[in-house]
Amino acid sequence: MSDITITILHGADRGKVYRQLAVPMTIGREEGNSIQLNDERVSRCHLKVQRDNDRLVLTDLDSTNGTKVNGQETHLRILRYGDLIAVGRSLMLIGSDEQIAQRMARINGKSDDGSSSSSYNREAGSFEGSLGFDIGEGTPPQLANLLGLVEPPEVPDHMSAGQAAQFCEILEYLQARLHKLIESADIDETTQKVNVNFSTWQRLLDLQARLATLVRSVANP
């Protein structure tokens, strides 16, 4: 990723566009941040974006009201063009029109040379061929479409043999538990509904809790 573009979509600073931002950079309410937001719900130094090889990594700096990326509360997150960052009452879009369009073209299996039939137009507020989905009541349609950019995360590279083995153990544990839970589900072919008993539901909640704890332990070592 080269220098990044950030557009303020909602909040007191709506409409501001910050181009060619060099990383590392910070966003917050206080002077001295790369982007200073006029938002009392934003911490003085709210979050940091830094580069790790060819990736952009967002870190929440223990802000009071937290940070969301694509609607999900997060402390540590890899950013991609088209991602939405929400802090306080402010909503920000990562990437220029061209960067977002190129990413969507790759997702849709199109070329980046302009031959793709999919194209993003911010004025029109649409991205034809996107995998858009609803992200909440009152969300502008163009933002919902942008969230169709969400992709499966990449496996970390340059891991040591021990780290790779530990990572495999985590994935195998999750896969085994999910397999048991899926097998216990009751599928009604008539209504096309899947039913689970209360015990299975509780095990699902337990798995979610374990994942939340694991994410927190990795993000806050």
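1. Helix α4 gives the most to the nonpolar patch, with 4 residues. Helices here are DSSP runs of H or I with at least four residues, strands are runs of E with at least two, and both are numbered from the N terminus. The model is predicted: local features need pLDDT of at least 70, side-chain atom pairs count only at pLDDT 80 or more, and totals for chains, interfaces and linings use all residues. Residues are numbered from 1 along each chain as its sequence is written, and side-chain values use heavy atoms, with hydrogens and water left out.

2. The patch itself covers about 870 Å² and is made by Leu178, Ile182, Ile187, Val194, Val196, Phe198, Trp201, Leu204 and Leu205. Two or more residues come from each of α3 (161–183) and α4 (198–219). Patch residues have over 30% relative accessible area and no salt bridge, and nonpolar side chains (Val, Leu, Ile, Met, Phe, Trp, Tyr) are joined within 5 Å. A salt bridge is a side-chain nitrogen of Lys or Arg within 4 Å of a carboxyl oxygen of Asp or Glu. Areas are from the Shrake-Rupley method with a 1.4 Å probe, and for residues only the protein chains shown count as cover.

3. Ile182 lies in helix α3. Its relative accessible area is 63%, so Ile182 is exposed. The classes are buried under 20%, exposed over 50% and partly exposed in between (1.4 Å probe, protein chains only).

4. The largest nonpolar core has 27 residues, and Ile6, Met25 and Ile85 have the most contacts inside it. The elements giving two or more residues to this core are β1 (4–10), β2 (17–21), β3 (25–28), β5 (47–52), β6 (55–60), β10 (84–87) and β11 (90–94). Such a core is a set of buried Ala, Val, Leu, Ile, Met, Phe, Trp, Tyr and Cys residues joined through side-chain atoms within 4.5 Å.

5. Beyond its neighbours within four places in sequence, Ile6 is in contact with residues including Val17, Leu21, Met25, Ile35 and Met92. Contact means heavy atoms within 4.5 Å. Thr5 is in strand β1 and counts as buried because its relative accessibility is 10%.

6. β3 and β5 run antiparallel and are joined by 3 bridges; Thr26 has Lys48 as its bridge partner in β5. β3 and β4 (residues 35–36) run parallel, joined by 2 bridges, and Gly28 is partnered by Gln36 in β4. Strands pair if DSSP finds at least two bridges between them.

Definitions and conventions. Patches are made of residues with over 30% relative accessible area and no salt bridge: like charges are joined within 9 Å, nonpolar side chains (Val, Leu, Ile, Met, Phe, Trp, Tyr) within 5 Å.
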